[in-house]
Amino acid sequence: MIEAVSLTKIYNQQKPNQVLAVTDANLSAPNGAITVLVGPSGCGKTTLMSMIGLLLTPTKGKVIIDEEVVTSYSDNWKAIFRRKNMGFVFQHINLFPHLKALENVMIPLLCHDMDPAKFKDQALSLLERLGLAERALFNVEQLSGGQQQRVAVARALITEPKIIIADEPLTFIDQESAKAIIDFFNELRSEGKTILISTHSYNLAKLADRIYSMKDGAIVGETEKEGARLFNIYIK
Amino acid sequence: MKGRHMNLLSYALNCIYRYKVRTVVILVCLVTSAAVFSSVAFLKDGLVKEGELSLKYAPDITVQQIWAGRPTLIETSYVGYIQEMAGTISVIPRIWGYANVGNILLVIMGIDIDNMFFDPKETFPMEEGSFLSPETPNSVVLGKAVADILGVRVGNTLTILTESVTPIQYQVVGIFNSEANIYNADMILMNIDDARLFFEIPENLATDIAVYVWDPQLVNNVARDIGELQNLRVVTKDIILKAQETTYGARSGFFSVLWYIVLISVAITAFNQTVVVGHESKFEVGLLKALGFSTSDIIEIRLMESAILGVIAGSFGITFGIIYDRVFNAPIFRDFMLGWVTLYPNFTLPIHISASTIFLIYVITILPLLFATVIPSWINATVDPDIAMRGARA
């Protein structure tokens, strides 16, 4: 279970250009479920996701994962926690452009005490599941945006993390890739992964076991299973 | 843990390959500066070493007569007086000076073969021929450079004009074998009587007096006692050695300064690449941290990158420095370090390659690069990954 307790992020605090990005956000994402964050652009979804993923230090509040207050630990501890437990899919995809698709997938293994070569088959298997088996040895620059995002999804899963954090993963991609990723997230949930997604996509939000809606940096709504309806209301 | 370090090493190698322009710029600058420094350092070490070798059999004390503040011939009557001082074991008058042979200024040294304190055959190994003997007057042994320049070999006859422009013929009986020995390369060695005749120095005078002391710790005492005699200048072996070290050290120091300037430029370039134009690098650090790399992992990668570049540059620099000295005989630096290049254009420079100098070159080649690349990466790595990635993207 991931719990966000009163998470607040203020950029440039006590400066003229101070920005209140997220205010007092409370959220809980059950294990083995898909939790979705929805809201308009600039409402603070990415900032909240980053704080939950330990990529950004909150100004206030805490993140509790499986009853452990993970935000209270050192930078190094958080890095090791991410290494062992989390996989990220970013809105801007964020692959290494100079590497092949397969190499990108295997990058997170480099900071583990293991031989990445032994995980090559696993990486290929992930790419195959995402429909990219034949593109494994392509440079990422030769792939479409959708294919690149599918590579990023495979990268997030190569270390078999129990938590997947996906920040607007479908923003810049085509329908075919979006469908592949949505189906894949569905499979991951059935495998017991805890998945946290921010999205504008109705199809992706339909998967949600729980939905939170955000507006102006605050969580303004929460629902379970009825998320699709709430999302429908929101996008109208 | 070994596996993780190997993985980080492979990533560091990938970075070196990926940032080609930065790698090439840093390597070119570092190799150049390391080559210059290596060449000068090996040359300086070689000259100092050569000086030490030449002084191995040099007298512990050399005594000169001073007249009107300038060195002049010394009376041999001092020999007996000095010999009575406590601590001396051998006091020998020497005749030596300079002479023009074929427009080249050479040293003519006369030695008293019968009263040598050491075995000259061991001290001066021969490439060709034999050493001087008291039975063969008007014979000479030549330094390698002299023989090469004059084009004479053992068995040839050499004609040299004396002080009174009288030609005297000498039989070449041997040639020293140490090509690199700058202290006998330009020397013509002969019996002391022949030298006395050549320089037209009377029996009661000598160029200087060589004093050997049985205990090195007594050298200063003996020197002080001799110095109490009026109008004598006393030079100990240590003073000569220190003078050599100071001279070559100062000259090589000049190049060291130039080398540091180049090295600082490299460091600034590397720093600039990492910080100012390093948005890609900043983003990379943020992303790696998001993927689970810790700050220490990032620093380790940059350390490895810098160390690899430094070792490559240092190795090539040292190699080029040796080639420059050995194969090309160090043009430019040779003029500066020796100061008498016009004398022996074909003279082979002595270079000395020591482990300590090589270690020093590696250390000071790698360290500035480490600071220039690791510090910015450390700064990037200590901010939140989200901030690093957003900042780089902005």
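The dialogue below treats the sheet, a helix and the interface in turn.

Tutor: This is a predicted model, in which local features need pLDDT of at least 70, side-chain atom pairs count only at pLDDT 80 or more, and totals for chains, interfaces and linings use all residues. Residues are numbered from 1 along each chain as its sequence is written, with chains lettered from A and ligands numbered from 1 in the order in which they are written.

Student: What is the strand order of the open sheet in chain A?

Tutor: Strands of a sheet pair through backbone hydrogen bonds, either parallel or antiparallel. Here the 4 strands follow the order β2-β1-β4-β5 in chain A, with antiparallel pairing; two strands pair if DSSP finds at least two bridges between them, and strands (E, at least two residues) and helices (H or I, at least four) are DSSP runs numbered from the N terminus. β2 (19-29) and β5 (68-69) of chain A are at the edges, each with a single partner strand, so one side of each lacks a neighbour in the sheet. Between β4 (residues 60-65) and β5 of chain A there are 2 bridges, and A:I64 lies opposite A:V69.

Student: Which residues of helix α2 of chain A are buried?

Tutor: A residue is buried if 20 or more other C-beta atoms, placed from the backbone, lie within 10 Å of its own. In α2 (residues 75-85) of chain A, these are A:K78, A:A79, A:R82 and A:R83. They cover an arc of only 140 degrees around the axis (taken from the directions from the helix axis to the C-beta atoms), which places them on the same side of α2(A).

Student: How many residues of chain B are in contact with chain A?

Tutor: 22 residues of chain B are in contact with 22 of chain A, contact being C-beta atoms, placed from the backbone, within 7 Å. The largest share of chain B's side, 6 residues, comes from α1(B).

Key: Two residues are in contact if their C-beta atoms, placed from the backbone, lie within 7 Å. A residue is buried if 20 or more other C-beta atoms lie within 10 Å of its own, exposed if 12 or fewer, and partly exposed in between; C-beta atoms are placed from the backbone.
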